[in-house]
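Visitor: I would like to learn how to read aromatic pairs in a protein model. Could you walk me through one, starting with the overall picture?

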Amino acid sequence: MPVRPSRPTLHIPGTTAHGVAPRPGRRGDGGREGTLRYLRAGAGAPLVLLHTVRTQAEHFRHLIPLLAGHYTVYALDLPGMGYSEIVPGASYDEPAMRAGVERLLTALDLHDVTLVGESMGAVLALTTAADLPERVRRVVAVNAYDFPGGIARSGLLARTVVAGALAPGVGPVVAGVEPRAVFRRILRGGLGDRTALREDYVDELLRVGGRPGYPTVARAVYRALPSLVAARSRYPRVEAPVHLVYGEKDWSRTADREANRRLLPAAEFTQVPGAGHFLALERPDVLADLLTAPA
């Protein structure tokens with residue numbers, strides 16, 4: 001069903017917006033499930049895109065057109081993010097976010113799925129594949145956000161903002177104030193090529209950040225980082241082929257990457273020279289080539 005809570009400032013040509021309703025009996029404060037918004041484009045086998053912390057489906061604005069000639073692409077707004085419904089009292093830890101991804105796959109009855117996630121989305125792609133081996137054909141995990149510190153490794157400004165958002169008392173106020181210059185600087189800290197951050201994309205993220213209840217979601221996602229780290233214990237359960245992709249300048253360290261290679265010894269591994277954390281913004285061509293190469 002179409003979802004129009006408000007009109008995004010960005011439109012990706014060839015995409016249409018749809019929604020996945022809560023499961024029966026799970027809407028509202030009691031069930032903690034809201035409607036999930038996703039974008040759909042293209043035709044072919046299903047490919048699901050899962051975005052990063054504090055972004056949304058439009059994070060893949062440059063990648064979707066490169067894939068739509070090869071796949072039916074589904075770009076999900078994770079629970080509470082983008083234009084997915086914000087439900088008071090909902091959890092945003094890894095199991096709850098994973099449940100949202102699994103709801104998309106099961107509600108649309110998707111099989112033979114290629115799961116592609118970046119950052120937090122990479123963790124969710126791997127843990128969803130562990131839960132639903134009968135539906136997932138392949139996983140591409142880009143810059144998995146599964147190490148202590150996360151975005152705080154971007155620099156002093158990011159550490160200060162995240163610490164402020166999590167602080168008792170003033171945290172909700174800090175999380176609800178996102179000066180454009182500060183927000184841009186933090187995002188640029190995740191890029192090797194800082195020109196890849198477009199101003200219209202910043203506008204869209206700030207607009208979504210102004211939704212009622214969004215500061216609560218942002219604080220909850222920051223608090224959920226330990227659950228993303230803990231979710232690594234599920235990686236060895238993944239049966240589908242896995243490709244680990246890292247930007248050379250990602251916030252993860254060599255030890256973090258090697259630890260995941262030990263958990264997933266059969267996984268392919270690619271490191272993209274000069275690239276940072278937000279590969280879908282910076283090098284969508286690399287990801288598209290990887291995903292469309294002959295098997």
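Guide: Let's begin with burial: of the 295 residues in this predicted model, 55% are buried. The accessible surface is about 12100 Å², and carbon and sulfur atoms account for 54% of that area.

Visitor: How many helices and strands does the protein have?

Guide: There are 13 helices and eight strands. As for contacts between residues at least 6 apart in sequence, 74% of them join residues at least 24 apart.

Visitor: Where do Tyr38 and Tyr74 lie in the chain?

Guide: Tyr38 belongs to strand S2 and Tyr74 to strand S4, so to speak distant parts of the chain, 36 residues apart. Both tyrosines are buried.

Visitor: Why is the pair of Trp251 and Phe278 called edge-to-face?

Guide: Planes over 60 degrees apart count as edge-to-face. The planes of Trp251 and Phe278 are at 85 degrees, with the ring centres 5.9 Å apart, so this pair is edge-to-face. Trp251 sits in the loop between strand S7 and helix H11, and Phe278 in the loop between strand S8 and helix H12, 27 residues apart. Trp251 and Phe278 are both buried.

Visitor: Which charged residue sits over the ring of Phe269?

Guide: That is Arg261, whose charged end is 4.1 Å from the centre of the Phe269 ring.

How values were computed: Residues numbered from 1 in each chain as written. Predicted model: local features only at pLDDT ≥ 70, side-chain atom pairs only at ≥ 80, totals over all residues. Heavy atoms only, no water. Helix = DSSP H or I, 4+ residues; strand = E, 2+ residues; numbered from the N terminus. Buried < 20%, exposed > 50% of the residue type's maximum accessible area, 1.4 Å probe, protein only. Contact = heavy atoms within 4.5 Å. Areas by Shrake-Rupley, 256 points an atom, 1.4 Å probe, with all protein chains shown as cover. Phe/Tyr/Trp six-rings, centres within 6.5 Å; stacked < 30°, edge-to-face > 60°. Lys NZ or Arg CZ within 6 Å of the ring centre and 35° of its normal.
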